Amino acid sequence: MVLDSVTNVPSLGGPCAHITLERLAAEALTAQDFAAALKYVDRRIRVAPPPAAHCFVLRAEAAWRLGLSEAALADLEQALVVDPSDVGANRRMLSWAADDRRRAAAAQLMCREANPAILRAAIAELRRAGGRHWAACCVFDNDVTGWVAWTESLPVKISLATEDGTLTSILEPNPFHPLASADVLATTFLVRRPPSVAPQIVTLRCGEEIIQVRRVAPNLASTVSLRSVPHPSTKLGSNVDPTVIVPVYKDTRATIECFESLDKARRPLGSRKNAFQVLAIDDASPEVGLRRYLSELAAAGKIRLLVNEVNLGFVGAINQALSEISTGDVVLLNSDTLVPPGFVDRLADAARSAPNIGTVTPLSNNGDIFSFPTPNDVNPMPGYDEIVAIDRIASITNAGSAIDVASGIGFCLYVTRACLDSVGEFSDNFERGYLEDVDLCLRARANGFRNICAPSVYVGHHGSKSFQEEKRGLVLRNLVILDQRFQNYRQECRAFEIADPLRPARAALERALPWPAEPSVLVLASARTCPAVTDARMRHLRLHGERGILLLREHDVLHLRSADGGLPQATRLSLAPGADLASADEILMRLSPTRVELLEPTPPPRLIELIRGLNLPVHRWLISDSMSEIASLPSETTLLLVPSKAAKAFAQKRWPNRKTVLHDWATCSLTLPPLSASGNSLVIVPSMPSPVSLRTIRALADRLRRRAPWLPIVIAGATCGDDRLMSQPNLFVTGAVAADELGKVLAPYNPGWLLTDFEQPAFGHPLVETTKQATRPVAYRDWSGGALKPRKGDLAIEANVDAAGLVDCVVDWITPL
C-alpha cells in the first residue's frame, strides 16, 4: 500500500475524518488491499467519535484476510460488546469461531438475519445445542409477520391476545419454505392486528411448549400521552401506604434475598413506621423453586402476588401491577436488590420535601450516575449487613439532601401518586428491561415534576440478573426510541457527568464511612505528570500486592482515589492558603499510609508542607528532568528512585552526591514480524501529544520528503495536530496506542526504523520503554550521557542536541549518503 494515496484525500482531516476512514477501509477491502484496509480502520477506531460495532467488524474482516485470526475474533467480540445484535459481527462469529461463541451468534441471528443460507447454518448450530424450534417476527401497525421452524411433528399455533379476546391460528408446514429440510419443518405467518388502545400479546407454541412471546405496543393512540393535570405544586401527601412493586422472572437466590430484605425493612407490628405493601409479579418464571417461594409468601400474607401464564416482560409486568394500584405512591424495585430498613420512609420523606417532586432514586453500588463510591461503574455488591451499615451512615450524613437529576433509574424508583396520575404507565414501545424508566421520568419532567436523588438512602443492586449479556443490545435498541422523544437527553447526561453534582454527597458519605485498614502507598501526581507513567506506577504497586492511593493535584485541590475501586473516590483536600493542613493530614492518615511516592515533578510549597506533616518516608521518582524542588525535601529521608538504567545514569550525572535506587519497571516486550525486503517505514512513537513533538515530527517529515520521498512515515500514537500531519504526503498517524498493543499496531507498517524519546525525558513511560525493546533499530536521545552503550544498529543521540540537529542525525541514520 502507498500511504500518499491516503494523505492526498482532502477530507481525511476535520470533523468528518472518521467517515472518510470508514469509506477508505471498505474500498480497500473491496479492492482486496487488506493491509491498507487494516490501517484505515485501525486509525478510525482510535479517533473520535467512539467507534460503532461495524468499525470493529471492518477491522476483523481485514485481520482475518491477513491471517490474523485471533485478532479478528477479538475484534468481533468487541463489536458484540458495542452492539450484541450486530448482524455483520454475528455472521462472522458463526462462521469463524469454533466454540460457544458460535451458539450465541446463531441465537442473535434468528430474529435479524434475512439470508436463508445463513439462517440454516444458525439453526444447525442451535440444533447441535439441543434446540427444537426457532422463530422470528416483525410487528407492524396492522399485522405481525415472520417465520417459524421446528423439528417435531407437533402442531404449531400462533395466538394474538387483545382486549377483546384471543385469536389463534394453526400454522401448516410449508415443504417449499427456504428453511425446510428433511428433518426441519418451516413456514411463514401473517396475523392481522385489530385496532387497539391496549398492548397485545403474540404467542407462538409448538404443542404445549412456548416458542416465543412478544408484547406489542398499541396500534391506536398512545397510552402514555402527556395528560393535562393540575400543577405539581398542588400535590398533597398521601395517607395511603406506598406499594413496593417487584417484577420477578429468574435468579431464585437473588430474589429470595431481596424479599428477605424487604421483610426486614417492614414496620414493627402495630406501628405505622416503615409501612409499605409489597406487590410481586411472577412473570411466568421458568424456575419452579422461585414460583413456589413466591406462592408461600403470598399464602403467609407477606406479599400480594400476580401470576402470569406468559412472560410479559418488565414493562408489561410493571404496567399490570400499576393497573392494580389506584391510590398511594409506588416504589419500583428490581428483584436483584437488597434494601435497608427504613428505605421507603426516607424515600417518601424526600419525595414530600417539595410539592413538585415526582420521582426519587437512592444511591447504590450499581446504579449508573447513582453508583457509590465510583459513579457510572459497577462497584462490588456488598453483603446485607454492609448495605445496612452504609445506609445508616448515609441517613445521617446526607439527611435532608435532595439533588436534582435528569431522570431516575428503575432499580429502585419511588414515584409519587401525583406523578403517576400525570404521566400514566410505562411506554410499551420499549424493548423489555431498559430505559422505559428514563422515559417515564422525562415525561414527568415535561409535566412539571422534578426527578431527584436522595443520597440519604443506599440500596444494593446486583444488576442485569434477568438479562445479563442481553443488556447492551436492549439499551441500544431502546436508546433509538428515547432519542426520538427526547433529543437532548444524551447531551444533558454528558453535562451532568462533567458537573457531577452528586460528588459532594458521595464525598460526605465516604468520609463518614470506615476506610480499609490495609496499609497503603500514597502516590502524588498532577496534570504535569504523564498519565501513562502514573497509571504504570499504580499498576506496578498492584502487581506487588500494595494498595495504591492516587493523590491527583489540580491547582490547589488534591483528589483522592483508591486504585482498587474502594474508598476513597470522591474526597478532595484543599491546599489553598488558609486551608487546614492538619485536618488534611488526619484524613490521609486514615488510609494507613506506609510511605509517600512523589511523581509530580514540581510539587508546590503547600504540598511539600503537607507531606512533611505526615512524618512518613518519602520516595521521589525521577520521571522527567523538571525537578527543581528536589532539594525542598531532605535527602536523608527522601529516596530518589529511578525506573530505568537511563534514569539512574541521568540522576547520577545531575545530582552526583545524592543516593539513587534503581527499581526497573516491568515493560511489555515488542516483537515484530520478520522485516520485509521492501516498503520499510519509519515509525515515530511520541511519549505524549505536545507542541515540541509536533514541530520535530513535521521538520523530520519535511527533510525525509526531500531526501527519501519513497519512505513512509508512521506516527504510532496521537499528536497535537493529526490532521495537519496527515495532510503531508507519505505520513500516517495511527491514533492513540497503548504499550501492550504496540506490536499488533505496528506489524502492518513493516517498520524498518523506530524513533522515540526525542522530546523531554519520560523515564518509565510504557510506550517509550517498550519501543526501545523493539526487534528493530531504534533512535532516541541518550539521557544517560553516554553511560549506557546502545544496542547494535540503534542510534543514541546526544541529549543536548537541538531539534534541527536531531532531525539531521535521524535522516543520516536512515538514509546515509
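Q: Is asparagine 730 buried or exposed?
A: Buried means under 20% relative accessible area, exposed over 50%, and partly exposed in between, with a 1.4 Å probe and protein chains only. Asparagine 730 has a relative accessible area of 8%, so the residue is buried. This is a predicted model, in which local features need pLDDT of at least 70, side-chain atom pairs count only at pLDDT 80 or more, and totals for chains, interfaces and linings use all residues. Residues are numbered from 1 along each chain as its sequence is written, and side-chain values use heavy atoms, with hydrogens and water left out.

Q: Where is asparagine 730 placed?
A: Helices (H or I, at least four residues) and strands (E, at least two) are DSSP runs, numbered from the N terminus. Asparagine 730 sits in the loop between α24 (722-726) and β27 (731-733). Its phi is positive, about 65°, although asparagine 730 is not a glycine.

Q: Which value does phi of asparagine 615 have?
A: Phi of asparagine 615 is near 55°, again a positive value in a residue other than glycine. This asparagine 615 belongs to the loop between α21 (605-614) and β22 (618-621). With a relative accessible area of 69%, asparagine 615 is exposed.

Q: Which residues does the cis peptide bond with omega near -5° link?
A: That bond runs from alanine 48 to proline 49. Proline 49 is found in the loop between α3 (34-46) and α4 (53-65). Another cis peptide bond joins phenylalanine 372 and proline 373, with omega about 5°. Proline 373 lies in the loop between β13 (357-364) and α13 (384-397).

Q: How many bridges join β3 to β4?
A: Two strands pair if DSSP finds at least two bridges between them. Here seven bridges join β3 (residues 156-162) to β4 (residues 165-171), and the two strands run antiparallel. A hairpin connects β3 to β4 through two residues. Serine 159 stands opposite threonine 168 in β4.

Q: How many helices and strands does the whole protein chain have?
A: The protein chain has 27 helices and 30 strands. Of its 817 residues, 54% count as buried.

Q: What radius of gyration does the protein chain have?
A: The radius of gyration is taken over C-alpha atoms, and the globule rule is 2.2 Å times the number of residues to the power 0.38. For 817 residues a compact globule would have a value near 28 Å; the protein chain has 31 Å, which agrees. Its C-alpha atoms fill a box of roughly 90 × 75 × 45 Å, taken along the principal axes.
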